[in-house]
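Subject: Structure handover

Hello,

Here is the structure for you to look through. Please open it first, then read my notes below.

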Amino acid sequence: MNSDELLDFALGQLEDPRRRACEEACRCDPDLAARVQKTRRALDLLADDGAMFSPPPGLANRTLAFVAQSPSTHSILDYVPARVPFRWADFAVAASIFIAGLLTLMPAVQRSRERMNQAGCVFNLQQIGSSLAQYATLHPSYPAPPSHRADAQSGLFVALLRDAGVLPDVSVLDCPYNGKCDLQHARGLASFEKADDLRKTDPAAYAKAVCWDYGYNPGYRHASGQYGPIDARPASMIPVVADQPPDDALLGDVDHNSPNHYGAGQNVLYSDGAVRWHRSRLVGPHDHDVFLNNNRKMEPGLDERDSVILPREVPFNNSEAR
């Protein structure tokens, strides 16, 4: 007899054939008979005898008074210790999280700053291109000194633009990628004549004034055999202004780019006003080095397709044939 049958037998809920079988089993097994009697006594205690009980007098009032005197609802702050003990382990975990976040964030901030400075350099060259375009509407060529002043430095194309009143703000001559450039002295370059005279009379003051970050294409050798400036016409393959060339010691090595972007490349402004980024000094199929002419010299180009961006301190006509 299993437990369910024993319970049904004790409650008297078995059918006759099974009930008689259980009674026969109890007669043959005294232990089973004792278990059945014990189960019936326990069931009798659970049975409802119908007796009614009344609560003690005043139980409801005493219960309400007890609830009213109990403390108000607890907040979570009641379970916080009055003083949290300092633990170095907690400090180490907080410091680790802070350092990990900082190490994750810093490269992203640096990349964002570099992209912003790169965009700033492009914007500056576009502004210079706008000034050159205005100059070209008034002259047949881009800025160049008179033929008897060909020894003037190519950086003075800025003074020629200011002479023409098309470059009012010299701050566009500062490439933001390589840090801040002090251009307060450059604002004093009111005209080409005064700037070139300053070069001859006070070289130190002149050096402070001509300290911007961009180089200029002074022109090329024309069909007449004479060197001259670039014709004022839009062309997508003629560089006019670019990030300054590397130092003389590195200028002959084609693998060294402009220092403005720490050797990563250079922005180049073309005569059609476009600004393009070049990771090498190659700017066209016929111009393998934007900083040297096709004779590998720091001189004006040998022909119209040979463009050269000279450092600002190099004369417009820095050729042996001048």
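First, a term: helices (H or I, at least four residues) and strands (E, at least two) are DSSP runs, numbered from the N terminus. This is a predicted model, in which local features need pLDDT of at least 70 and side-chain atom pairs count only at pLDDT 80 or more, while totals for chains, interfaces and linings use all residues. Residues are numbered from 1 along each chain as its sequence is written, and side-chain values use heavy atoms, with hydrogens and water left out.

**Overall picture**

The chain has nine helices and six strands. Its radius of gyration is 48 Å, whereas a compact globule of 322 residues would have one near 20 Å. That radius is taken over C-alpha atoms, and the globule rule is 2.2 Å times the number of residues to the power 0.38. The C-alpha trace spans about 140 × 55 × 40 Å along its principal axes.

Of the 322 residues, 37% count as buried. Buried means under 20% relative accessible area, exposed means over 50%, and partly exposed lies in between (1.4 Å probe, protein chains only). A contact means heavy atoms within 4.5 Å. Take the contacts between residues at least 6 apart in sequence: 62% of them join residues at least 24 apart.

**Two residues with positive phi**

Tyr262 has a positive phi of about 55 degrees, although it is not a glycine. Tyr262 sits in the loop between helix H9 (248-251) and strand S5 (266-270). Its relative accessibility is 62%, so Tyr262 counts as exposed.

Arg296 is not a glycine either, yet has a positive phi of about 60 degrees. Look for Arg296 in the segment after strand S6 (275-278). Arg296 is partly exposed, with a relative accessible area of 42%.

**Strand S5**

Why is S5 largely enclosed by the rest of the structure? Five of its five residues are buried. Both faces are covered. Gln266, Val268 and Tyr270 are on one side, and Asn267 and Leu269 are on the other.

S5 also has partners. Two strands pair if DSSP finds at least two bridges between them. Strand S4 (residues 239-243) runs antiparallel to S5, and three bridges join them. Ala242 stands opposite Val268 in S5. S5 and S6 are antiparallel too, with four bridges. There, Val268 has Arg276 in S6 as its bridge partner. S5 and S6 form a hairpin with four residues between them. In the turn, Gly273 has a positive phi of about 95 degrees.

**The charged network**

Side chains of opposite charge can pair when their charged atoms come close. I counted a salt bridge when a side-chain nitrogen of Lys or Arg is within 4 Å of a carboxyl oxygen of Asp or Glu. By this rule the count comes to 14 salt bridges.

One of them joins the side chains of Arg149 and Asp196 (2.7 Å, N to O). The pair links distant parts of the chain, 47 residues apart. Arg149 is in the loop between helix H5 (88-138) and helix H6 (157-163), and Asp196 is in helix H7. Arg149 and Asp196 are both buried.

Arg199 forms a salt bridge with Asp151, with the closest N and O atoms 3.7 Å apart. This pair also links distant parts of the chain: Arg199 is in helix H7 and Asp151 is in the loop between H5 and H6, 48 residues apart. Arg199 is buried at 17% relative accessibility, while Asp151 is partly exposed at 35%.

Lys200 forms a salt bridge with Asp196, and here the closest N and O atoms are 3.8 Å apart. Lys200 and Asp196 are four residues apart in helix H7, so about one helical turn separates them. Lys200 is partly exposed, with a relative accessible area of 48%. Asp196 is buried at 0%. Salt bridges that share partners join Arg149, Asp151, Glu193, Asp196, Asp197, Arg199 and Lys200 into one network.

Best wishes
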